[in-house]
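I opened my notebook to get to know a new structure. Come along as I look things up one by one.

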Amino acid sequence: MSGIEALMGRGSSGSSQIEQPDDAQGKSMEELNQEDFFNLMIEQFKNQDPMEPMDSEKVMGQMTQFTTANGVSELQKSFEDFANQMTQDQALRAGSLVGRDVLVQSNTMRLDESGLNGVAELSQNTGNLSIEIQDSAGQTVRTMDMGRQDAGQVAFQWDGVSDEGEQLPPGEYQVQARAGSGDTSTAVDTLAAAEVTSVSLEGDGKSPRLNLAGVGEVSLDSIRQIQ
């Protein structure tokens, strides 16, 4: 028997085995590093049978096999290091957002002393944009007609006064935006303006989670705009 398998102590029963270098003892082929591999190759050359020299093609095959496996291992480690760096970078960016206002897609918005602020996203021009505000019971308490609007982001604000003229209490409200009129109207995405109160780091390469006042927990990549 010849080759790296002989050095690793593999082969048929009763075959002589070449003593492994100390650094390589107890390791499998998959666990060999570059230094182990070349030490084994040297031992293999030193202990070859002069009457049956090693086959050059087999030697090249062994080296190619090791180089490929080693290259894949190094590439995997590089990707893991890169992923860890990205996670750390995301954590730093997320932490810097605490105390700042952001825009995130949501139908839940908070009314406070400064009012309720949001944005409607229009994919095309519309003859009329309407904003409906609903309370926790699902009842529509305010309808605002915004008139004709061009495609893009349309900011809106509600002061908390209902259609009956009553000042409603602070809290969370549901917001529905629709483009058009009557039966031909279509739903429009809304963005909530909210303050980032804290950041949750989940680990395992997952994106940090942001806790937004009046909205709840959202992922970092769901943020549309930082104000």
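**Notes around one asparagine**

I started with a side-chain pair: Asn211 and Ser200 are joined through their side chains by a polar contact of 3.5 Å. Before going further, I noted that this is a predicted model.

Next I asked where Asn211 sits. I found Asn211 in strand S9, which covers residues 209-212.

Is Asn211 buried or exposed? I looked up a relative accessible area of 18% for Asn211. Asn211 counts as buried because this value is under the 20% cut-off.

Then I listed the neighbours, leaving out residues up to four places away in sequence. Asn211 touches Glu195, Val196, Thr197, Ser198, Val199 and Ser200, and also Gly216 and Glu217. I was pleased to meet both serines again in that list.

**Stepping back to the whole protein**

How many helices and strands are there? I counted 3 helices and 11 strands in the protein. Reading from the N terminus, I got the order α-α-α-β-β-β-β-β-β-β-β-β-β-β.

I also checked burial overall: 31% of the 227 residues count as buried.

My last entry is on contacts between residues at least 6 apart in sequence: 57% of them join residues at least 24 apart.

How values were computed: Residues are numbered from 1 along each chain as its sequence is written. This is a predicted model: local features need pLDDT of at least 70, side-chain atom pairs count only at pLDDT 80 or more; totals for chains, interfaces and linings use all residues. Side-chain values use heavy atoms; hydrogens and water are left out. Helices (H or I, at least four residues) and strands (E, at least two) are DSSP runs, numbered from the N terminus. Buried means under 20% relative accessible area, exposed over 50%, partly exposed in between (1.4 Å probe, protein chains only). A polar contact is a pair of N or O atoms within 3.5 Å; within protein, one must be able to donate a hydrogen and the other to accept it, and residues adjacent in sequence count only if both atoms are side-chain atoms. Contact means heavy atoms within 4.5 Å.
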